[in-house]
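Subject: Structure handover

Hello,

I am passing on the structure we spoke about.

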Protein chains: 2
Amino acid sequence: MRKYFLLLLAMPFIAAAQTNQDSVFIKNLSDEIMRNGKAYDWLRELTKGIGGRLAGSPQFAKAVQWGKKTMETTKGDKVFLQECMVPHWVRGGKDKVVITSVDNKAISKALDALALGNSIGTGLKGLTAEVIALNNFDELEKRKDEIKGKIVLFNYPFNPTYIVPSRSYGEAGAYRRGGPSKAAKYGAVAVLTRSLTEATDNNPHTGATAYDTTLPKIPCAALGTQDADYLYKLATASKVKVSITTNGHFLPDTIGHNVIGEIKGTEFPNQYITFGGHLDSWDINEGAHDDGTGVVQAIEVMRALVAVGYKPKHTLRFVLFANEENGGRGGNKYAEAAKANNEEHILAIESDEGGFTPRGFSFTSSPEQLQKANTWLPLLKPYGTETMGSGGGGADIGPLKTLLKTPIAGFVPDNQRYFDIHHARTDVFENVNKRELLLGAVNIAGLIYLVDKYGL
Amino acid sequence: MRKYFLLLLAMPFIAAAQTNQDSVFIKNLSDEIMRNGKAYDWLRELTKGIGGRLAGSPQFAKAVQWGKKTMETTKGDKVFLQECMVPHWVRGGKDKVVITSVDNKAISKALDALALGNSIGTGLKGLTAEVIALNNFDELEKRKDEIKGKIVLFNYPFNPTYIVPSRSYGEAGAYRRGGPSKAAKYGAVAVLTRSLTEATDNNPHTGATAYDTTLPKIPCAALGTQDADYLYKLATASKVKVSITTNGHFLPDTIGHNVIGEIKGTEFPNQYITFGGHLDSWDINEGAHDDGTGVVQAIEVMRALVAVGYKPKHTLRFVLFANEENGGRGGNKYAEAAKANNEEHILAIESDEGGFTPRGFSFTSSPEQLQKANTWLPLLKPYGTETMGSGGGGADIGPLKTLLKTPIAGFVPDNQRYFDIHHARTDVFENVNKRELLLGAVNIAGLIYLVDKYGL
């Protein structure tokens with residue numbers, strides 16, 4: 001009894017000492033990253049040196065070699081490539097959308113457009129048809145008899161009153177993903193969508209569409225918000241014809257790779273904590289925030305943990321996924337291999353909401369796991385993590401959840417300006433801030449350390 | 001007794017109902033600002049239409065007229081100008097810093113420089129002298145016998161490991177403020193300082209210096225970080241001569257104005273809640289984040305409160321202060337007038353850390369007042385306010401604290417990228433994000449509403 005009593009007395013001190021030890025370790029890790037971090041220079045290499053790198057492209061193959069070589073400089077225990085088949089969609093040339101007549105009077109006014117990823121092209125001769133301007137799917141249903149032979153413009157905007165912009169993206173995104181097939185169902189010949197952004201400029205934003213395979217596939221492209229508003233007003237007041245020329249098509253599936261780095265676990269080598277971002281990007285920009293920043297954060301966290309001499313209990317995996325944007329094959333492959341190898345995965349984290357100032361993490365896990373993560377808030381708060389919420393994850397780590405029931409977490413940066421540049425030509429290196437990028441790595445490294453030390 | 005008991009039972013419901021009412025009101029305010037906010041368009045007018053507006057300049061006088069006219073569009077109860085004398089420093093031409101010889105070999109390499117605000121000039125002929133490169137004041141003391149007749153370069157950097165960048169600014173800022181006089185004490189003829197930034201570009205950052213009036217005033221200018229490092233290395237290894245030409249000087253003090261808008265209090269009209277930013281900016285940029293964003297947030301909050309039909313208990317004041325950058329006369333005048341008029345001030349808030357995503361507020365108040373503010377966190381958290389800390393305020397509202405013991409609070413945005421552009425040519429409209437700017441206004445409006453309703 002007395003022994004127990006003493007132990008109980010001692011426990012708060014033990015806990016306090018541990019907390020202090022953790023706090024010192026995380027400060028050390030933070031200093032290493034903020035002082036010696038290479039993520040920003042690596043991002044310059046990836047974005048300026050290689051640029052856009054859609055899965056299957058020669059640029060993506062270069063990025064794989066760059067990722068492997070760069071990971072090797074961290075002097076972790078192992079770097080390897082995990083092969084997977086990836087889709088190979090190509091844009092095939094310049095996308096063109098031109099207003100050709102207004103109330104039967106010929107004009108020629110070009111709009112700035114980008115074909116949606118995975119879409120079919122019009123062929124080199126293009127197609128010309130009358131535009132029907134709609135706000136949303138309800139209007140499509142109401143006017144379904146007017147759709148046949150026309151180009152449907154969906155001008156559904158972001159809701160500016162949502163404080164979390166990914167909520168707007170999810171909602172308006174329904175038109176990019178499902179709009180073409182919904183319009184094809186009523187005989188539309190092509191679809192133009194309003195770009196998924198609240199940006200005040202007119203840059204179009206691409207991104208994958210998803211055809212309903214039971215319906216005819218029709219060409220589709222995104223317009224910048226200014227052009228979308230312009231065309232909407234024009235086509236609401238007048239009879240407007242538009243000519244669309246896009247050349248997107250699929251080449252045969254080809255070989256791609258996840259790039260994987262490891263720091264071997266000293267106690268539980270077959271138990272894994274995974275952190276990653278995706279190496280592929282759209283073809284029309286540098287893929288800086290999407291997801292160059294996630295990529296270089298993964299390598300940076302690996303580098304920093306090695307640099308401070310950390311010996312993890314569990315094996316830490318840093319993964320540059322092969323094909324987030326238009327297929328998800330990299331994430332699927334990683335989870336399938338993990339299952340085949342009987343790996344036990346404790347947690348997977350993804351950084352794919354931009355390399356902005358950290359605000360926290362969002363978990364898809366049991367309530368107990370989330371509660372445990374929340375006990376670490378005081379340790380990470382000095383570095384920016386304010387919340388450990390629920391509902392998050394990432395497209396590349398989702399399959400781990402599905403196949404292995406692995407708890408997953410998304411890194412949540414302050415992404416108020418993410419959709420200004422997301423999938424647009426403006427997602428370039430210059431729009432990434434070095435401190436914000438490194439601070440993200442600090443918080444992720446801190447969480448990985450805590451999960452490794454205390455489990456989840 | 002029974003009555004009391006029932007009252008006690010009812011209290012949580014009353015409190016919950018109030019909280020719910022507050023939450024609905026703040027959501028309404030947020031929707032008004034995010035949907036109809038004019039702050040971003042106003043900022044374009046101020047930055048692109050008027051531009052740099054140092055106190056005393058013709059541009060500042062234009063900004064006063066613009067501020068008054070714009071505030072009047074909000075249909076608040078009253079807009080007026082409060083006259084105050086302001087200093088009138090002018091740069092007087094292009095600042096030049098040129099390396100003229102290395103180890104007595106003539107060269108001509110221009111460095112990008114900006115004279116520090118309030119500094120004296122070299123005269124049109126410039127001055128040329130040998131450079132002594134120092135890291136900090138300790139080195140100055142150790143080498144005080146070598147200073148005479150030389151140009152001192154202080155190359156003290158931001159500490160990258162500080163998570164809060166204003167800590168770096170405060171620390172390194174000692175060299176901009178006090179460096180020239182400390183060097184003059186030992187006979188230096190001029191001072192060059194490393195710009196107060198961690199930016200990866202080479203833009204010099206100006207800002208006010210403060211001469212010790214008991215010592216000779218010497219010319220001083222800031223170099224971009226790349227040039228500062230370059231000159232430091234060069235002058236450490238070789239005998240380097242530099243020629244400096246700056247033309248800064250004071251014209252006689254002139255008339256300036258605070259621009260003040262009011263929404264009259266319905267219950268306590270002589271009790272005030274003040275919110276503001278400063279209308280003046282440096283001459284070499286557009287003063288977008290510093291402090292155009294604070295200015296347009298003040299007008300926006302006024303507009304939104306009127307637009308939703310709010311009738312405050314206390315009088316709400318929205319103030320565009322006249323002279324933060326190089327004198328503080330606007331803030332002094334406002335506090336002196338408040339004292340002279342026996343006004344009672346409940347709280348003053350300032351937004352002068354950039355128009356970035358809100359993270360919270362920082363109070364200089366009693367612990368009880370801070371505690372009370374913290375009870376409102378759940379109401380503001382959905383809009384971004386994560387912390388109500390202590391120690392903050394603002395240069396323009398400081399005098400209210402001093403003269404009237406008014407509690408003050410600084411709006412705290414996510415300012416990781418603030419010092420990239422602060423006082424540099426790059427502080428322009430394009431570097432402000434519309435959503436981030438408006439979200440700041442939402443959180444400030446929410447706090448003002450809560451303080452008005454519940455006191456502090």
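This is a predicted model: local features need pLDDT of at least 70, side-chain atom pairs count only at pLDDT 80 or more; totals for chains, interfaces and linings use all residues.

Interface between chain A and chain B

The contact involves 32 residues of chain A and 32 residues of chain B. Between them the chains bury about 2,700 Å², with 47% of that area on carbon and sulfur atoms. On the chain A side, the residues that lose the most area to chain B are A:Ile163, A:Arg359 and A:Arg435, which together make up 25% of what that side buries.

Six salt bridges are counted between chain A and chain B. One of the salt bridges pairs the side chain of A:Glu386 with that of B:Arg359, at 3.8 Å from N to O.

Which elements of chain A give two or more residues to the side that touches chain B? They are α1 (2-36), β14 (358-364) and α13 (434-454). Of these, α1(A) gives the most, with five residues. By type, the residues on this side of chain A divide into 13 charged, 11 nonpolar and eight polar.

B:Trp66

This residue sits in helix α3 of chain B, which covers residues 58-72. B:Trp66 counts as buried because its relative accessibility is 7%, under the cut-off of 20%. Leaving aside residues up to four places away in sequence, B:Trp66 touches B:Trp42, B:Glu45, B:Leu46, B:Ile50, B:Val295, B:Val296 and B:Ile299. With B:Glu45 there is a polar contact of 2.8 Å between the side chains. B:Ile50 is 16 residues from B:Trp66 along the chain, and their C-alpha atoms are 9.0 Å apart.

B:Asn285

B:Asn285 is in the loop of chain B that runs between β11 (268-278) and α7 (288-307). Is B:Asn285 buried or exposed? B:Asn285 has a relative accessible area of 7%, so it is buried. Its side chain reaches the backbone oxygen of B:Ala424 at 2.8 Å. Apart from residues up to four places away in sequence, B:Asn285 touches B:Gly51, B:Gly52, B:His423, B:Ala424, B:Arg425 and B:Asp427.

Regards

Definitions and conventions
Residues are numbered from 1 along each chain as its sequence is written. Chains are lettered from A and ligands numbered from 1 in the order in which they are written. Side-chain values use heavy atoms; hydrogens and water are left out. Contact means heavy atoms within 4.5 Å. Buried area is the accessible area (1.4 Å probe) that two parts lose on being put together, summed over both. A salt bridge is a side-chain nitrogen of Lys or Arg within 4 Å of a carboxyl oxygen of Asp or Glu. Helices (H or I, at least four residues) and strands (E, at least two) are DSSP runs, numbered from the N terminus. Ala, Val, Leu, Ile, Met, Phe, Trp, Tyr, Cys and Pro count as nonpolar, Asp, Glu, Lys and Arg as charged, and the others, Gly among them, as polar. Buried means under 20% relative accessible area, exposed over 50%, partly exposed in between (1.4 Å probe, protein chains only). A polar contact is a pair of N or O atoms within 3.5 Å; within protein, one must be able to donate a hydrogen and the other to accept it, and residues adjacent in sequence count only if both atoms are side-chain atoms.
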